[in-house]
Amino acid sequence: MSTLEAMRLAVSALRANLMRSILTMLGIFIGVAAVISTVAVGSGARSVVIEQIRSLGTNLIIVVSGATRVRGVRRAAGSHMSLTEDDARALKLEIPAIQAAAPYLRGTVQIIQGNQNWSAVAYGVDNDYFVAREWVITRGRGFTEGEIRGAGKVALLGQTVVENLFAGDNPIGQTIRVRKVPLTVIGVLARKGQNNWGRDQDDVLLVPISSAKRRVIGWARANPKAIPVVIIKVRDGADMAGTVDQIRQVLRQRHRLRTDQDDDFSIRNLTEIMQRRDASSKALALLLAAVAAVSLVVGGIGIMNIMLVSVTERTREIGLRMAVGARRRDILIQFLIEATTLALVGGIAGVLLGVGAAYAIAEFAGWPTLIQTDSILLAVGVSAAIGVFFGFYPARRAAQLDPIEALRRE
Amino acid sequence: MTTPLIAVRDLAKTYQVGDHAVQALNGITVEIAQGAFVAVMGPSGSGKSTFMNLLGCLDFPTAGHYTLAGEAVDGLDADALAEIRNRKIGFVFQQFNLLARATALANVELPMVYRGAAREARRSAARAALATVGLADRTHHRPPQLSGGQQQRVAIARALVNDPLLILADEPTGALDSRTGLEIMALFQRLNAGGMTVVLVTHEAEVARFAERELHFLDGALVRDEIHAPDDAAVQLAKREAAA
């Protein structure tokens, strides 16, 4: 008997007991739908984390000033400006693995433009900052070296600020005021979206670091070169942990710290933190999929159960088929195809439901979901495999029947 | 003398039931000629069913030899026996054994499906077989829509469709009323007149009278081999019609 013939036969046998066939498929159907939708939710969550890593910039290390003692009282990180712009320059010069070392400071400012005003976070940066954050300027130009050193009255705006202050007008060349200081808008930054804390990374104003200190944010300190933070980008492929150690050595040396003294700065490996988040979301997705996979196995057992019932019910039919010339292999294949058809139809319907559920979750719960083609192919393949695996025992029982006994069965 | 269609020598079958062996068939030697109409008779437990199962290649003999159309059958494996059943033997059962969901046509096609015949060839052969048994107008009926006699005709058409060497019928009239039984026997006689070898198992003497030879079994042995002029089922049927 040809395979096509056997498939036609299987479909007609399944249709003869339509309700039972549908109920039997239900297990695989729900299992596959659960796997597809949980994998979609899991990979959606991962894609968000990965996108956050990408928007933050990759291979990042942040060095923060402070963590020092003032008469025995430990102060918060950043409370003491132990880092300087020279430190940043030295790190970049002395450690070859460092691609960019960008000192910056930050403060919330009120921006006035015509009769509009808007509150945003101002960053005082140098040109390494754009390298470290992998941030490009979509319109206009960046800062010149002269502007960075000479406290140029220029500013770059994030997309959110542009939307709120200019409402469609071209901001380039316009003047905004921050703390009564007029700044010329020279460019607009590419959109970055929210960071992993949910902060809008586009609600920003970038000015040269010297302008930030002297005019925009204000930095009346004993050491005009002091800065709170340096953001460091390590070259691709370089050893992050090793670079962290090198940074610590260079800074301790520059700050003339004795071996018994604590660091007067702290180093955070941002990429590592994000990767840990990614790993935990991956683990969660895997766990969800594993739970869903259990229901696939339960569905397979349901198929085996019904196939055993079906073999018993159709014993005479099997006997007759053998009498008119069916070989054992023909009977085996017939029942295997029946079981596989049950599993496959259930699986394909499950894929449809799973994909629909993933869209519904994205639509109504607002969770990001990502449907992966290979998870669909895998689900269909696994359901077929379940059909073969759980169908084999009943099919073999049918094929092993003695035709005389089978024909005599009532 | 030409080679007999069926040649059986010292055929024996022993079943193992628990600790003791049951001798179901005890060294049968018999020949059946091409074109014969043979009735196999005997009470239950006489071994006639075992004999039929062996003739039908549904079972393996414990000892002895069986030659079908010059080909040794004993010693063949299950797949080879399946092929012989498929191509050389047509089965007719007491309970018809039709597939309830399938049409008459599909039921008749079934042996050809296992022979690997193409769809079109199956269709036309099945139609021809149904026409032979007088059911050309019932091809798309399903068994539950047919009378008992019609169902048995479909089963006979199924037995004929692969153009077998012989038809083995196991109590073919057992589930039918006597008039319908006569019709079926008339059909067998007509097929036999056309050259088909028919072997039928029955415990009814009146049914056996339609055959030209009776093999009587008792306790696993062939006790009587009798050749006689058969009654004509068609004539008896006509008489009954006239009386009614």
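Two residues are in contact if their C-beta atoms, placed from the backbone, lie within 7 Å. Keep that cut-off in mind for the exercises. The model is predicted.

**Exercise 1. The meeting of two chains**

Task: Find how many residues of chain A are in contact with chain B, and say which helices of chain A supply them.

Solution. 
- Step 1. Count both sides. On chain A, 18 residues are in contact with 19 residues of chain B.
- Step 2. Look for the helices. Helix 1 (3–16), helix 10 (315–323), helix 11 (328–365) and helix 13 (403–408) of chain A each supply at least two residues of the side that touches chain B.
- Step 3. Pick out the main supplier. Helix 10 of chain A gives the largest share of that side, 5 residues.
- Step 4. Sort the residues of this side of chain A by kind. There are 10 nonpolar, 2 polar and 6 charged.

**Exercise 2. A sheet in chain B**

Solution. 
- Step 1. Read the order across the sheet.
- Step 2. Follow strand 1 (residues 6–17) of chain B to strand 2 of chain B. The two run antiparallel and are joined by 9 bridges.
- Step 3. Check residue pairs. B:V8 stands opposite B:V30 in strand 2 of chain B. B:A7 stands opposite B:E31 in strand 2 of chain B.
- Step 4. Inspect the turn. The hairpin of strands 1 and 2 of chain B has 2 residues between the strands, and B:G18 in this hairpin takes a positive phi near 60°.
- Step 5. Go to the other partner. Strand 1 of chain B is joined by 5 bridges to strand 4 (residues 63–68) of chain B, and these two also run antiparallel. Here B:I6 has B:L68 as its bridge partner.

**Exercise 3. Buried elements of chain B**

Task: Decide whether helix 1 (residues 48–55) of chain B is largely enclosed or open. Then ask which residues cover the two faces of strand 6 (residues 89–92) of chain B.

Solution. 
- Step 1. Count the buried residues of the helix. The count is 8 of the 8, so helix 1 of chain B is largely enclosed by the rest of the structure.
- Step 2. Name some of them. Among them are B:F51, B:M52 and B:L54.
- Step 3. Look just past the helix. B:C57 there takes a positive phi of about 60°.
- Step 4. Turn to strand 6 of chain B. B:I89 and B:F91 lie on one side, B:G90 and B:V92 on the other, and all are buried. Both faces are covered.
- Step 5. Find the partner. Strand 6 of chain B runs parallel to strand 7 (residues 166–170) of chain B, with 4 bridges between them. B:F91 stands opposite B:L168 in strand 7.

**Exercise 4. Nonpolar cores**

Task: Which residues touch the most other members of the largest nonpolar core?

Solution. 
- Step 1. Take the core of 125 residues. A:I36, B:V40, B:A157 and B:V198 touch the most other members.
- Step 2. Find the main contributor. Helix 2 (residues 18–56) of chain A gives the most to this core, with 13 residues.
- Step 3. Zoom in on B:A157. Beyond its neighbours within four places in sequence, B:A157 is in contact with B:V108, B:A129, B:L130, B:T132, B:V133 and B:L135.
- Step 4. Look elsewhere. Another core, of 56 residues, lies apart from the largest one, and includes A:I111, A:F143, A:I209 and A:I232.

Terms used: Residues are numbered from 1 along each chain as its sequence is written. Chains are lettered from A and ligands numbered from 1 in the order in which they are written. This is a predicted model: local features need pLDDT of at least 70, side-chain atom pairs count only at pLDDT 80 or more; totals for chains, interfaces and linings use all residues. Two strands pair if DSSP finds at least two bridges between them. Ala, Val, Leu, Ile, Met, Phe, Trp, Tyr, Cys and Pro count as nonpolar, Asp, Glu, Lys and Arg as charged, and the others, Gly among them, as polar. A residue is buried if 20 or more other C-beta atoms lie within 10 Å of its own, exposed if 12 or fewer, and partly exposed in between; C-beta atoms are placed from the backbone. A nonpolar core is a set of buried Ala, Val, Leu, Ile, Met, Phe, Trp, Tyr and Cys residues joined through C-beta atoms within 7 Å.
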